[in-house]
Amino acid sequence: MPDTRLFDSAAVVVEQPRRSWWRRYRGPALTVATVEGTELARVTFTDHSCSLLTTSSGGLVVRIDRHTRFGQFGTVRFRFTGAAGEEIGAVTARGLVKTRQLVRTEGGRPLLLTRLGQLYREWQLTETDPEEVPAPVILGRVTVSTVDALIGLQRYVVETDPGLDASERRTVVASVVCLHLLRRPPGEGSAVG
């Protein structure tokens, strides 16, 4: 089970930490914090295919493994593994323009993280296709913004429905890390540490 203190809040912020433009940055690639700014966790990239979501004290929460065919242009799959080595979720993103992610939680619940198009800053979390009639219940939102336009640092405000449990929120936060990895792959001229 996840540390419920990390994922009991319905809203968290996943962002690239601010850094000096003049000095080499050596901190985490992303931080997970409360809306008020209290740091809860950090994300580090070990290489182009593995990321670690850890507590601020260094304890492993989620390992994110990336598998891809044809680079960014093909299907990209992410697998989430917990601290005990058990699989706790997965994300699949298909197509050239990745505006949709199929998220599978630890309990096997399928969720969709989608946006209407490339220019939209808001992603919606639903159980079914948001274009279906009647419209599905929105279980969460992810709003993307640029914190520092000069460097291009990204910020993702993650708001989830209070009905999601801690393990589902953990999977949603990990899928936002995947969203960042799709938008700004490490080592390809991105502003990640």
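Two strands pair if DSSP finds at least two bridges between them, and the strands and helices themselves are DSSP runs numbered from the N terminus, with at least two residues (E) for a strand and at least four (H or I) for a helix. With that in hand, let's start the tour.

This is a predicted model, in which local features need pLDDT of at least 70 and side-chain atom pairs count only at pLDDT 80 or more, while totals for chains, interfaces and linings use all residues. Residues are numbered from 1 along each chain as its sequence is written, and side-chain values use heavy atoms, leaving out hydrogens and water.

**Stop 1: strand β9**

Select residues 110-114, which form β9. Four of these five residues are buried, so the rest of the structure largely encloses the strand. Buried here means under 20% relative accessible area, exposed means over 50%, and partly exposed lies in between (1.4 Å probe, protein chains only).

Next, show β10, residues 122-126, which is antiparallel to β9 and joined to it by three bridges. Here Leu-112 stands opposite Thr-126.

**Stop 2: the cysteines**

How many disulfides does a search of the whole structure find? The count is zero, where a disulfide is a pair of cysteine sulfur atoms within 2.5 Å. Select Cys-50: the nearest cysteine sulfur, that of Cys-178, is 11 Å away. Cys-50 is buried at 5% relative accessible area, and Cys-178 is buried too, at 0%.

**Stop 3: the cavities**

A cavity is a set of points on a 1 Å grid over the protein atoms alone where a 1.4 Å probe fits but cannot get out, and its lining residues have an atom within 4 Å of a point. Points are joined across faces, edges and corners, and the volume is the space filled by probe spheres set on them. There are two cavities of 30 Å³ or more.

The largest cavity holds about 50 Å³. Select its lining, including Leu-6, Phe-7, Thr-160 and Arg-169. β1 (11-15), β12 (153-160) and α1 (166-183) each give two or more residues to this lining.

Finish at the second largest cavity, about 30 Å³, by selecting Leu-6, Phe-7, Val-32, Leu-40, Ala-41, Leu-53 and Val-173.

Notes. On a 1 Å grid over the protein atoms alone, a cavity is a set of points where a 1.4 Å probe fits but cannot get out, and a pocket is an open set with protein on both sides within 12 Å along at least five of seven lines; lining residues have an atom within 4 Å of a point.
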